[in-house]
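Subject: Structure for you to look at

Hello,

Please find the structure below, followed by notes on what was found in it. Keep it open while you read.

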Amino acid sequence: MLLITGTSGGLGSQIALRLADRPDVRFGTRVPDGPGQVRVDFDDPDSLDFAGVDTLLLISAGYGEDDQVIARHEAAVSAAERDGVRHIVYTSLTGAGDHLPYALAHRWTERRLGGSAVAWTVLRNGLYAELLSALAAPGPDGVITAPLGDGRLAAVAREDLAEVAVRVALAPDAHAGQVYELVGDRALGGAELAAAVGARYAPASLAEARSALSGPDLAPFQPPMLVATYSAIAAGFLDTPDRGTLRRLLARPPHPALDTYTTTTAPAPGPAGTPSGPAGTPSGPAGV
């Protein structure tokens, strides 16, 4: 049996859609309410039951401080070891993201898997193209002020990552011990994003972005996390495109990240005016 965790989330839900008709798949969520769903709540370790599971597709367990995320992943791996799971497929973060503050929990989990007797595969997912729709959307004045500078992001469509996860999880033995870097095949910059949606690109400073992102709707760890994402993109640490791994695992060309951005971003509302603050305050970078 294959068990997928986090199937109420953005990535997990896309994976679940692709496997919805399979009787040998179970879908883990905190509050199960549909066919094939089972309760999986890493914040309640004593409730975890992976008996009968051959392959666990472990979707990174949510946003939080490092100690919280690490505790969730430890609970999942320990339960898998106890209950005889044969293989864990883990959705991690691209190696280029080591400069990001949320990389630590991913690298800790990779190290934990490396020391486990359970077979494993690591999918190092790049940042979603959908993330750009939140972090670099035009403001009401038609200006994209995301502080990307001249940097570029090799963003990847979430649907491609979902498809790779399905392919690997259904044939895990062929991928045992592999660490796959899964990023987009073209790096995008602010000027390209603006042109695609009829906006103007006028990047703000990181300080301005931090000020715009600070507010009562965000948890304390979120503004520095988001600002660090902007900073890493601007500094050119996330611009290396796919070297063939994503295309090979998909067995087809990846979906263009720019198409994903344009279809998930509202067009610029009109003539560009005075730059506004960064549009959108997402809960955290997608795909992490």
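Between which two helices is the loop that holds Ala251? Ala251 lies in the loop between helix 9 (245-250) and helix 10 (257-264). Helices here are DSSP runs of H or I with at least four residues, strands are DSSP runs of E with at least two, and both are numbered from the N terminus. Ala251 is not a glycine, yet its phi is positive, at about 60°. With a relative accessibility of 59%, Ala251 counts as exposed; the cut-offs are under 20% relative accessible area for buried, over 50% for exposed and partly exposed in between, with a 1.4 Å probe and protein chains only.

Two points about the source first. This is a predicted model, in which local features need pLDDT of at least 70 and side-chain atom pairs count only at pLDDT 80 or more, while totals for chains, interfaces and linings use all residues. Residues are numbered from 1 along each chain as its sequence is written, and side-chain values use heavy atoms, with hydrogens and water left out.

The sheet

Strands of a sheet pair through backbone hydrogen bonds, either parallel or antiparallel. In this model, seven strands form an open sheet in the order 3-2-1-4-5-6-9, and the pairing is parallel. Two strands count as paired if DSSP finds at least two bridges between them. Strand 3 (37-39) and strand 9 (179-182) are at the edges with a single partner strand each, so one side of each has no neighbour in the sheet. From one strand to the next, the twist averages 20°. Angles run from 0 to 180 degrees between N-to-C directions, and axes are lines fitted to C-alpha atoms, for helices over the stretch in contact.

Strand 4 (residues 55-59) pairs with strand 5 (residues 87-93) in the parallel sense over five bridges. Within this pair, Leu56 has Ile88 of strand 5 as its bridge partner. Helix 3 packs on the sheet and touches strand 5 and strand 6 (119-125), its direction making about 155° with that of strand 5. Helix 5 also packs on the sheet, and the strands it touches include strand 1 (2-4) and strand 9; its direction makes about 170° with that of strand 6.

Helix pairs

Helix 2 (residues 66-83) and helix 3 (residues 103-114) pack at about 20°, with axes 9 Å apart. That angle makes helix 2 roughly parallel to helix 3; the classes are roughly parallel under 35 degrees, roughly antiparallel over 145, roughly perpendicular from 65 to 115, and oblique for the rest. Among the residues that meet are Val69 and His73 in helix 2 and Trp108 and Arg112 in helix 3. Contact means heavy atoms within 4.5 Å.

Helix 1 (residues 10-19) and helix 5 (residues 158-170) pack at about 55°, and their axes are 9 Å apart. This makes helix 1 oblique to helix 5. Their contact includes Leu11 and Ile15 of helix 1 and Leu161 and Val166 of helix 5.

Two buried residues

Arg72 is in helix 2 and is buried, with a relative accessible area of 7%. Apart from neighbours within four places in sequence, Arg72 is in contact with Arg30, Phe42, Asp43, Ala61, Gly62 and Tyr63.

Ala137 is in the loop between helix 4 (129-135) and strand 7 (143-144). Its relative accessibility is 13%, which counts as buried. Ala137 and Val197 are 60 residues apart in sequence, and their C-alpha atoms are 9.0 Å apart in space.

Regards
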